[in-house]
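Good morning, everyone. Please bring up the sequence and the 3D view side by side.

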Amino acid sequence: MPSALSEAESAAVPRFGAGMKLRFDQVRDAWVVLGPERLFLPDEHAVEVLKLVDGTRSVAAIAATLAEKFAAPAAAIEADIWPMLQDLSARGAVRL
Amino acid sequence: MSKIFPPPAPPVPPPHPPPMGLIAELTHRCPLQCPYCSNPLALDPVASELPSEVWLRVIDEAAAMGVLQIHFTGGEPLARRDLAGLVYRAAKGGIYTNIITSGVTLDDRAMAALKDAGIDHIQLSFQDIDPTENDRIGGYKGAFAKKRAAADRIRGAGLPLTLNFVIQRHNAGRVAEMLAFAELLQAERVEIAHVQYYGWGLKNRAALLPTRAQLEDSTNVVEAARERLRGKMVIDYVVPDYHAARPKSCMGGWAQRFINISPAGKALPCHAAESLPGFDFPNVRDVSLAQVWESEAFRRYRGTGWMPEPCRSCDRRELDWGGCRCQAFAILGDAGLTDPACELSPQHYLMAEAAAESAAPAPAFVYRRLGVLVS
């Protein structure tokens, strides 16, 4: 069971890294993240999160939206998406 | 019977997934003369360059095929007067646009035109962090100051900035200063890219190849900085494979992800492949990009079916794809062999012997110039 987030982590507001774009690719029928000389093919969970990254929603707000959409506890979703966001941050796709 | 019921046709392999990236080498013209230039020794003259209308058609075909990113490079892509128009067309087609430039001709007007055209990203190259050495390596006095100004213009336009430093034995000890400079400019991304030894780089190998100790020092500096700058600046690091035990996954595998178009229109799986004999590389003047992708030249070393031993039974065969075909040809004279950078190659000792040259005094550079005799 992943541990609960700290207050600061819940309040963090992810935004896309400079030059990063989330785009739907018709040819592959898939979402892609395009950036400076790199691209990511996010899995369906990451796509759900990235669609909500807009530079204003906090991690807690993203988790709350997903909790409603998927009828799951927000705390569990928060704990799931935090390591994903950290990984995307290390790759420069998002900033936390 | 057999006339009525012909034998079943051999199964048709499924089409290969579409290319991710298009590398558009717009021109071999360049104000710099770096002795490790990735262009071939035989440079395309300006008269052979593709006209705008062919590039525009290629860009439209790329968008339709599913190309996600286009990399405008050269030579110096800013030497093409139609660059902004090509960027505009690609951006309109939904392709992520990138320019790889030396920056020395990126003035206010060029920057504004590219910004208006919808450029997504610019990679700015430096030859060294020491201005005098930078200018000596590029063979262009005053280049460093112009590059510095170009970096400010890119930032001023609100674009993400990548700095690219090319590493070789003369500057391998200054990687920490290069990274500090990138931090100062608040670059999102920096490439610390050791020279790759093909074409001009191979010709100048004895003047450029670092020692193993130099390589290890630069690796340590990069790893420490990555840790310190996690989440702030992305550092991409490219090593020379002369000191390596396993080969690089060159281009993510032959014709797996990229199409490279030379200034004269030749379609290649990578920029160095033009040096390989026995190929009939298609030209985009004659065929579509979709035909290029399924051409014999692109299929020849795609995947694992072509592999000899020790690649064929290696559990890394779909990680490194047998390494680099151009290196196998350059060192062994046969593009169909295992990359000698791999320690499992029976000819790996040739790479180790060449690496030993790096301890000898460096000879003078042979600068990259149009019209230099190719020997």
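First, the ground rules. This is a predicted model, where local features need pLDDT of at least 70, side-chain atom pairs count only at pLDDT 80 or more, and totals for chains, interfaces and linings use all residues. Residues are numbered from 1 along each chain as its sequence is written, chains are lettered from A and ligands numbered from 1 in the order in which they are written, and side-chain values use heavy atoms, with hydrogens and water left out.

Now the helices. Two packed helices are described by the angle between their axes and the distance between the axes. Axes here are lines fitted to C-alpha atoms, for helices over the stretch in contact, and angles run from 0 to 180 degrees between N-to-C directions. Helices are DSSP runs of H or I with at least four residues, strands are runs of E with at least two, and both are numbered from the N terminus.

Start in chain B. Helix α1 (residues 52-65) and helix α2 (residues 83-92) of chain B have axes that come within 9 Å and cross at roughly 20 degrees. That makes α1(B) roughly parallel to α2(B). The cut-offs: under 35 degrees is roughly parallel, over 145 roughly antiparallel, 65 to 115 roughly perpendicular, and the rest oblique. Contact means heavy atoms within 4.5 Å. From α1(B), B:Ser52, B:Trp55, B:Leu56, B:Ile59 and B:Asp60 meet B:Gly85, B:Leu86, B:Arg89 and B:Ala90 of α2(B). By class, that contact has five nonpolar, two polar and two charged residues. Ala, Val, Leu, Ile, Met, Phe, Trp, Tyr, Cys and Pro count as nonpolar, Asp, Glu, Lys and Arg as charged, and the others, Gly among them, as polar.

Over to chain A. Helix α3 (residues 59-70) and helix α4 (residues 74-90) of chain A pack at about 125 degrees, with axes 9 Å apart. α3(A) and α4(A) are therefore oblique to each other. Their contact residues include A:Ala63 and A:Ala67 in α3(A), and A:Ile77 and A:Trp82 in α4(A).

Next, the cores. A nonpolar core is a set of buried Ala, Val, Leu, Ile, Met, Phe, Trp, Tyr and Cys residues joined through side-chain atoms within 4.5 Å. Buried means under 20% relative accessible area, exposed over 50%, partly exposed in between, with a 1.4 Å probe and protein chains only. Which residues have the most contacts inside the largest core? They are B:Phe72, B:Leu163, B:Phe165 and B:Ile192, in a core of 87 residues. Its largest share, six residues, comes from α1(B). A second, separate core of 24 residues includes A:Val53, A:Ala63, A:Ala67 and A:Ile77.

Is B:Gln69 buried or exposed? At 5% relative accessibility, B:Gln69 counts as buried. B:Gln69 sits in strand β2 (residues 69-73) of chain B. Leaving out residues up to four places away in sequence, B:Gln69 touches several residues, among them A:Glu37, A:Arg38 and B:Tyr96.

A:Glu37 has a backbone detail too. Its phi is near 50 degrees, a positive value in a residue other than glycine. A:Glu37 is in the loop between β3 (30-35) and β4 (38-40) of chain A.

Last, the cis peptide bonds. One runs from B:Gly74 to B:Gly75, with omega near 15 degrees. Another runs from B:Glu309 to B:Pro310, with omega near 5 degrees.
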